[in-house]
Amino acid sequence: SDHMENIYGYLMKYTNLVTGWQYRFFVLNNDAGLLEYFVNEQSRHLKPRGTLQLAGAVISPSDEDSHTFTVNAASGEQYKLRATDAKERQHWVSRLQICTQHHTEAIGKNNPPLKSRSFSLASQGSANSPGVQRRPSQNAVSFFNVGHHRLPTGKRVPIMQPDHLVDVREMMSQAEGQQRDLIRSIECLPASGHLTSLDQDLLMLKATSMATMNCLNDCFHILQLQHASQQKGSLPAGTTISWLEPKISLANHFKNGAAQNFPAEINKPASVREEQSIAEPCQLTREPEEINPDEELEDICDDKEDDLGAVEEQRSVILHLLSQLKLGMDLTRVVLPTFILEKRSLLEMYADFMSHPDLFVAITSGCSPEERMIRFVEYYLTSFHEGRKGAIAKKPYNPIIGETFHCSWRMPKSDVATEAGTNSSAHSPSEQVTLPKDPEGQAEPDYYTVKFVAEQVSHHPPVSGFYAECVERKMCVNAHVWTKSKFLGMSIGVTMVGEGVLHLLEHGEEYTFSLPCAYARSILTVPWVELGGKVNINCAKTGYSASINFHTKPFYGGKLHRVTGEVKQNMTNTVVCRVQGEWNSVLEFTYSNGETKYVDLTKLSVTRKRVRPLEKQGPFESRRLWQHVTESLRDGDIDKATEHKRALEERQRNEERLRAETETPWCTKYFLKDGDGWLYHKPLWKTVSAAQTQQTDSN
């Protein structure tokens with residue numbers, strides 16, 4: 001084939017943080033299935049500085065830019081390379097992929113099955129071994145004993161019953177550990193000498209063992225589905241695909257030897273048994289609870305998600321998970337492994353989008369409809385940076401149905417931007433509304449309070465409702481979001497289906513808005529987040545609207561996290577403000593009068609939210625509900641976190657099954673169904689309307 005010729009040339013290779021990128025001369029040897037590199041072209045006749053076997057390798061163009069790509073060998077070694085331009089990258093990637101496919105297929109065709117061989121450590125180096133008689137490089141066949149384990153005499157293999165699936169999972173976990181031991185032993189061999197880590201037989205053994213374990217996992221998944229089908233009579237449409245996480249610590253797989261016993265209940269922490277035994281939520285009080293902001297304390301929790309250690313260590317787990325997914329597959333019912341989780345619930349993440357409450361309450365101070373729309377756009381665009389908690393693409397906990405989250409923010413009134421001569425007293429008497437005063441007659445505080453409440457109102461589909469209000473400023477926002485996630489190959493996409501409405505009661509204005517999509521990119525290497533899609537903000541009363549585009553990075557060139565937008569008056573189609581920049585860095589606002597304003601999000605002050613202590617929270621408030629998972633993740637104990645997470649999810653499934661059997665509908669606590677959306681049960685506009693009616697009656 002014309003595509004199988006040897007190619008060579010200079011590429012940049014990433015070495016380490018100290019050395020960085022260096023030019024190296026690379027040679028693709030198609031006949032041998034090797035990618036070799038040298039210091040320069042003149043040293044090509046010398047021994048290569050590095051060599052990668054391409055059989056079983058994965059060649060991946062990077063999402064970072066249009067020049068970079070990675071070569072991930074089956075041994076786990078990785079080359080991160082950069083071409084001079086996108087065309088050259090495509091040339092190298094396509095040739096490498098063709099060579100990789102050719103040699104990977106050749107391994108399966110040209111080698112006999114493993115069962116015909118018997119490898120023994122004791123025979124290593126023996127001159128009479130079959131390997132030496134054939135050829136020196138094949139001495140590898142005497143290095144390992146890959147035999148079949150025999151059952152003790154007199155014991156028969158029992159017929160597989162569905163309840164034995166747990167035992168099978170444990171046995172497979174041990175087999176995976178032994179397979180990793182095998183790979184590690186091969187990789188620890190010297191790169192040169194009588195028996196090397198690049199021996200063809202050993203490479204074949206590694207590839208075959210990995211393929212075998214993948215096959216076994218697929219078979220086990222089929223058994224699970226058959227078991228579910230037998231229980232239900234037929235496989236239900238909403239079957240949950242559970243991630244098969246072993247109970248054995250993944251770290252212990254590398255030192256797995258003897259079988260280990262795991263009693264079902266004895267080894268479970270008391271907190272796990274407590275999680276499983278919490279009463280049915282509808283049996284607890286479902287009456288709305290008034291949260292006193294004075295009971296809330298400034299949050300001291302600061303869980304930054306900057307640790308990639310777990311992701312690097314669990315790459316094989318990610319690969320196995322991806323092998324079970326198909327392009328476009330809905331991930332709503334896929335239970336993801338615990339180590340990729342953030343240490344907060346999705347409901348709390350929505351609250352963190354309110355981390356600039358001073359910008360939020362300043363919206364209503366705008367002296368004109370144009371000013372208020374521009375202020376809302378400014379607040380909207382500054383909310384995503386802090387809400388993401390860093391650049392690492394980790395996933396917040398999936399809220400269980402009935403879960404709630406409460407918090408508030410306080411900011412000095414002097415910190416809130418207002419227009420000169422414009423404040424709440426500047427409106428006509430007909431627009432002013434006096435809300436009921438504190439019965440104790442306390443002096444008015446010198447700060448504004450923004451209160452927030454969120455609730456998971458539906459499990460399938462997963463819908464969250466959240467509401468925030470500032471009584472003093474007579475403004476509130478109500479929103480509902482349905483998160484739809486899909487597998488996109490090397491990325492995961494999350495669509496935020498739903499709508500939010502901001503109510504400025506002093507002006508009688510409502511601003512409807514939507515949310516952008518989110519993408520987790522490079523999920524096999526260093527995962528990162530970007531936003532994408534077009535969102536619209538509209539105010540029907542004033543005729544002002546905003547159109548905002550979150551740009552995903554194009555395949556060739558382009559910047560990351562770019563956003564552009566414009567605010568216009570619909571009646572005249574006049575653009576009154578344009579915005580551009582990066583949603584996690586610097587935003588530039590250009591106004592119709594020619595003025596320009598820059599907002600550096602990295603320097604923007606963040607107001608810490610106020611949250612009640614755990615001991616004062618209800619059992620279904622996010623932090624108390626997930627506290628054991630969060631504590632285990634902070635301690636780095638992935639297995640314990642998984643046990644707690646599984647207990648919560650199992651309890652939710654049991655409760656859902658019970659409601660289905662008894663035909664009991666779920667009763668929400670704070671939000672009421674309203675058409676296709678959800679509304680807070682006691683929104684501020686109802687309070688203001690009642691106060692206006694009361695004032696009219698008294699007059």
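Colleague: Which residues of helix 12 are buried?
Modeller: This is a predicted model, where local features need pLDDT of at least 70, side-chain atom pairs count only at pLDDT 80 or more, and totals for chains, interfaces and linings use all residues. Residues are numbered from 1 along each chain as its sequence is written, and side-chain values use heavy atoms, without hydrogens and water. Buried means under 20% relative accessible area, exposed over 50%, and partly exposed in between (1.4 Å probe, protein chains only). Helices are DSSP runs of H or I with at least four residues, strands are runs of E with at least two, both numbered from the N terminus, and the buried residues of helix 12 are His-628, Val-629, Thr-630, Ser-632 and Leu-633.

Colleague: How do helix 12 and helix 13 run, roughly parallel or roughly antiparallel?
Modeller: Helix 12 spans residues 627-634 and helix 13 spans residues 638-662, with their axes 8 Å apart and an angle of about 165°. Axes are lines fitted to C-alpha atoms, for helices over the stretch in contact, and angles between N-to-C directions run from 0 to 180 degrees. Under 35 degrees is roughly parallel, 65 to 115 roughly perpendicular, over 145 roughly antiparallel, and the rest oblique. The angle therefore makes helix 12 and helix 13 roughly antiparallel.

Colleague: What residue classes make up the contact of helix 12 with helix 13?
Modeller: Contact means heavy atoms within 4.5 Å. His-628, Val-629, Ser-632 and Leu-633 of helix 12 meet Ile-638, Lys-640, Ala-641, His-644, Lys-645 and Leu-648 of helix 13. Nonpolar covers Ala, Val, Leu, Ile, Met, Phe, Trp, Tyr, Cys and Pro, charged covers Asp, Glu, Lys and Arg, and the others, Gly among them, are polar. By class, there are five nonpolar, three polar and two charged residues.

Colleague: Which residue just after helix 12 takes a positive phi?
Modeller: The phi there is about 75°. The residue is Gly-636.

Colleague: What separates the C-alpha atoms of Val-377 and Ile-537?
Modeller: Val-377 lies in helix 10 and counts as buried because its relative accessibility is 3%. Leaving aside neighbours within four places in sequence, Val-377 contacts Ile-537, Ala-546, Ile-548, Val-567 and Phe-589. Val-377 and Ile-537 are 160 residues apart along the chain, yet their C-alpha atoms are separated by 8.1 Å.

Colleague: Is Asn-573 buried or exposed?
Modeller: Asn-573 sits in the loop between strand 20 (562-569) and strand 21 (574-582). Its phi is near 60°, a positive value in a residue other than glycine. Because its relative accessibility is 51%, Asn-573 counts as exposed.

Colleague: What is the relative accessible area of Glu-663?
Modeller: Glu-663 lies in the loop between helix 13 and strand 25 (671-674). Its phi, near 55°, is positive in a residue other than glycine. Glu-663 is exposed, with a relative accessible area of 71%.

Colleague: How much of the chain counts as buried?
Modeller: The chain holds 14 helices and 26 strands. Of its 699 residues, the buried share is 47%.
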